[in-house]
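Here are a few friendly notes to read alongside the model. Take them one at a time, and find each residue on the screen as you go.

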Amino acid sequence: MNKTVLLVGGGMMGCGIASISAAAGNRVVVVEPQKHARETGPKRVSALVEELSKNELITKDAFDFAVNAVTFTDNLERVAGEVGFVIEAIAEDLNAKQNLFETLDQLFPPEIPIVSNTSGLRITDIGARVVHKERIATAHFWFPAHLVPLVEVVMGDGTSLEVADWVCATLKSWGKAPVLVRKDLPGQLANRILQAVIREASNIVEMGLASPQDVDTAVKMGMGIRFPVWGPLEHVDAVGVDLCRNVQNTVLPGISGRQMANSTFDSLVSQGNLGYKTGRGFYDWEIKDMQKLESLRNDFIIQAVKFIKERGEVDK
């Protein structure tokens with residue numbers, strides 16, 4: 001299959017995916033209708049590739065290839081015959097994605113896999129008007145896409161296992177850690193776990209058990225620091241299924257089982273405190289430094305990824 005990858009959408013996620021794809025040795029074409037994004041996109045991709053190289057996450061040869069391997073255009077039809085893999089990374093708008101997937105399905109031969117980077121929409125709904133439903137899937141890259149190894153590959157109602165396996169194998173060859181999600185449910189896989197954590201974290205704050213800072217510290221300095229190499233089900237087997245069953249039976253009755261966000265969220269939203277974008281949420285962002293936090297996050301991810309690569313596969 002042709003090694004050129006087509007990215008539709010040249011925003012933050014599209015550029016991240018383009019950079020890691022190019023670093024894996026693929027020619028990448030990014031289709032982006034917005035002129036400003038087409039003009040700034042190449043610099044953004046180059047900066048991401050440079051970050052990978054500077055931190056020794058890719059080789060010099062990979063860097064030399066990648067910096068010249070990504071091109072931007074606004075003409076989808078002009079590049080249709082050149083690509084072997086299509087990744088959609090436009091805004092989270094169901095109607096826009098449905099229209100795009102209908103066009104892509106008509107434009108590309110049936111053997112070309114087409115995936116969506118959607119973080120919340122069902123690929124079955126996105127591909128409602130697609131004829132060749134067997135070749136569509138979700139490939140949800142986690143932000144920042146050039147650093148975080150996880151990609152959730154979600155099968156839609158009509159996705160063939162052959163296509164899903166091909167997408168997983170391809171992403172693994174890019175240095176990613178794909179997981180196959182066999183049912184097309186809201187939240188995919190990892191976000192279902194994350195939302196359960198957020199539900200109980202906010203519940204703890206609401207009930208006055210601990211402050212937001214202490215909740216985040218407990219996660220970051222406790223379970224979170226183990227998670228890169230010690231998953232929750234590995235933990236269960238390590239300490240004993242019988243022990244964990246007893247803990248579950250003791251703790252779960254007191255854990256939130258709400259089906260909707262709790263009153264803390266409602267209160268913050270009603271006050272216009274929407275988080276960093278408004279200056280205040282659970283934290284006061286005029287005091288807390290988001291840029292410093294993001295830099296710390298990226299540095300930690302880089303060191304964790306380097307450690308995992310040096311030690312070899314950890315998910316066996």
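1. Let us start with a pair of facing residues: Ser 116 stands opposite Thr 138, which belongs to strand E6. Please keep in mind throughout that this is a predicted model. The strand that pairs with E6 here is E5, residues 114–116, and the two run in the parallel sense, with three bridges between them.

2. Strand E7, residues 150–155, runs antiparallel to E6, and five bridges join the two. One place to look is Phe 141, whose bridge partner in E7 is Val 151.

3. How many of the six residues of E6 are buried? Six of the six are, so the strand, residues 136–141, is mostly covered. Ile 136, Thr 138 and His 140 point one way, while Ala 137, Ala 139 and Phe 141 point the other way.

4. Beyond its neighbours within four places in sequence, Val 28 is in contact with Val 5, Leu 7, Ala 18, Ser 21, Ala 22, Ala 69, Val 70 and Thr 71.

5. Asn 26 sits in the loop between helix H1 (12–23) and strand E2 (28–31). Is Asn 26 buried or exposed? Its relative accessible area is 7%, and buried means under 20%, so Asn 26 counts as buried. Not counting residues up to four places away in sequence, Asn 26 touches Lys 3, Val 5, Ser 21, Phe 65, Ala 69 and Trp 174. A polar atom of the Asn 26 side chain also lies 2.9 Å from the backbone oxygen of Ser 21.

6. Now for helix H2, residues 35–54. With 20 residues at 1.5 Å a residue, H2 should span 28 Å, and its end C-alpha atoms are 29 Å apart, so the two values agree. The helix does bend, by about 35° at Gly 41, and Pro 42 follows within four residues. Just after H2, Glu 56 takes a positive phi of about 60°.

7. Which residues of H2 are buried? They are Ala 37, Gly 41, Val 45, Leu 48, Val 49, Glu 51 and Leu 52. Their cover includes H1, helix H3 (60–66), strand E3 (70–73) and helix H12 (290–311).

8. Ala 190 lies in helix H7, residues 190–206, and is buried, with a relative accessible area of 15%. Trp 166 lies in helix H6, residues 161–173, and is partly exposed, with a relative accessible area of 30%. Ala 190 and Glu 152 are 38 residues apart in sequence and 7.8 Å apart in space, C-alpha to C-alpha. Setting aside neighbours within four places in sequence, Ala 190 is in contact with Trp 142, Leu 150 and Glu 152. For Trp 166 and Ala 238, the separation is 72 residues in sequence and 33 Å in space, again C-alpha to C-alpha.

Key
Residues numbered from 1 in each chain as written. Predicted model: local features only at pLDDT ≥ 70, side-chain atom pairs only at ≥ 80, totals over all residues. Heavy atoms only, no water. Buried < 20%, exposed > 50% of the residue type's maximum accessible area, 1.4 Å probe, protein only. Polar contact = N/O pair within 3.5 Å; in protein donor to acceptor, adjacent residues only side chain to side chain. Contact = heavy atoms within 4.5 Å. Pairing = 2+ DSSP bridges. Expected span 1.5 Å × (residues − 1). Bend = angle between axes of the 7 residues up to and from the residue.
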